[in-house]
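Here's a quick briefing on the fold you're about to see. Have the model open and follow along.

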Amino acid sequence: MVVASPTPVGPDRIRPTGGLLPVIDLSRRRSHVTDRILRACEEFGCFKLVNHGMPRHVVANMEAEAFVFFGQLEPEKRRAGPPDPLGYGCRNIGLNGDTGEVEYLLLHTNQASINQRSKTISKDPKKFSCIVREYVEAVRDLTAEILEILGEGLRLKDPKVLARLVKDDESDSVFRLNHYPSLLTSDNGEGDDNNNNNNNSRDMSSEESGYCCVNGDGGLKGVIGFGEHSDPQMLTLLRSNEVLGLQVCVGEGLWVPVSPDPDSFCVLVGDALQVLTNGRFVSVRHRAMTNPYKSRLSMVYFGAPPLPARIAPLPETITAQRPSLYRPFTWAEYKKTTYLHRLSHSRLDLFRAEEIVVDDEENRITELNSI
């Protein structure tokens, strides 16, 4: 059990969701879906996906196993840690001083790795491994489908080139379970049922839940569970229980809470996809907030290419008017850079290329180093 020590959020602006984030129905006509997903990635860097075809029992089984793991006593959970970065971690995020009111389990999607890790995670490692494998395979296929749709929308010569990166047997994709205990949970667990996301805590409005805690004078202030960051991979598919907490940044200091819906996925563009599309798609910054009364669980798949894969703007995204914005690098190189910096670091700035700026008035070209 993790008992939170509240860390108030600064004076950020919070805007109710109010239909701002696109909700895309994957069962609609392909051309309609392609257009909607393309625009969502360009304008917001994220969207909610419904009618996605993920079997409900696959999702339910994975969530149940996650709650069983996080419901164990701390010594039992620590058998799966410390994170290296894979494994169980609590509060400390990475090696550079980032902390949050979260405990997590990070797994590589390689089946051999899952099998090995399961021995320290579950009392029934074979069952746990099987459930994780089933979930990972299903969410990987969904991720590949979205990337193929994006390839079609970008009019790539090979529309499946992006999808193949995450479906590759050597893909470096990872799967993360995040558990955010309620802020009012006591040491003996009273006030929150970590093994049941449908507990009988009092109902709250969206204005109260997801980003507030009770302070000394009875007021409500935000508490960060997982700090502001962008995901370094290509595409993230996040599913959470019925507790608000995820927020995405849609402007300077303007955060939008993403309403929880267990039947949908929140899809987020990552840094690698921003580079591959030459900045056409936006790697969205986001964060997770704790809840005063209910624990929140998120299950997050990070679709990544193989370590040796070359990451650079695709030829179809480069024009005379929009030259390459990034220098080529491998996924392994970028991943290493990610581990060297704090969560909030703008890592992509380190990989920007020399931009060609055209001065129409004097019809001359000037090279500027944008780093």
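Start with helix 2 (residues 56–70), which lies across strand 4, strand 5 (98–108), strand 6, strand 10 and strand 15 (296–303), and runs at about 120° to strand 15. Keep in mind that this is a predicted model: local features need pLDDT of at least 70, side-chain atom pairs count only at pLDDT 80 or more, and totals for chains, interfaces and linings use all residues. Residues are numbered from 1 along each chain as its sequence is written, and side-chain values use heavy atoms, with hydrogens and water left out.

**Overall make-up**

- The protein chain comes to 8 helices and 19 strands; helices (H or I, at least four residues) and strands (E, at least two) are DSSP runs, numbered from the N terminus.
- Of its 371 residues, 52% count as buried, where buried means under 20% relative accessible area, exposed over 50% and partly exposed in between (1.4 Å probe, protein chains only).
- Take the contacts (heavy atoms within 4.5 Å) between residues at least 6 apart in sequence: 73% of them join residues at least 24 apart.

**The sheet and what crosses it**

- An open sheet is built from 8 strands in the order 2-3-13-10-15-6-5-4, with mixed pairing; two strands pair if DSSP finds at least two bridges between them.
- At the edges sit strand 2 (23–25) and strand 4 (87–93), each pairing on one side only.
- Neighbouring strands here are turned by 25° against each other on average, direction ignored.
- Strand 10 (residues 235–240) and strand 13 (residues 265–269) run antiparallel and are joined by 4 bridges; Leu238 stands opposite Cys266 in strand 13.
- Helix 4 (residues 111–121) lies across strand 4 and strand 5, at about 125° to strand 5. For angles like this one, axes are lines fitted to C-alpha atoms, for helices over the stretch in contact, and the values run from 0 to 180 degrees between N-to-C directions.

**Aromatic pairs**

- There are 7 aromatic pairs in the structure. Rings of Phe, Tyr and Trp (its six-membered ring) pair if their centres lie within 6.5 Å; planes under 30 degrees apart count as stacked, over 60 as edge-to-face and the rest as tilted.
- Phe69 and Phe70 make an edge-to-face pair, because their ring centres are 5.2 Å apart and their planes are at 75°. Phe69 is buried at 3% relative accessible area, and Phe70 is buried at 1%.
- Tyr135 and Phe175 form a tilted pair, 5.2 Å centre to centre with 35° between the planes. This one links distant parts of the chain: Tyr135 is in helix 5 (residues 125–153) and Phe175 in strand 6 (residues 174–180), 40 residues apart. Both Tyr135 and Phe175 are buried.
- Phe329, Trp331, Tyr334 and Phe351 are linked into a cluster by ring pairs.

**Charges over rings**

- Arg176 lies over the face of Tyr104, 3.9 Å from the ring centre. The cut-off is NZ of Lys or CZ of Arg within 6 Å of the ring centre and within 35 degrees of the ring normal.
- Arg287 has its charged end over the ring of Trp255, 4.1 Å from the centre.

**Helix 8**

- Trp331, Tyr334, Thr337 and Thr338 are buried in helix 8 (residues 331–339). They cover an arc of only 125° around the axis, so they are on the same side of helix 8; the arc is that of the directions from the helix axis to the C-beta atoms.
- The buried residues of helix 8 pack against helix 7 (271–276), strand 16 (310–311) and strand 17 (329–330).
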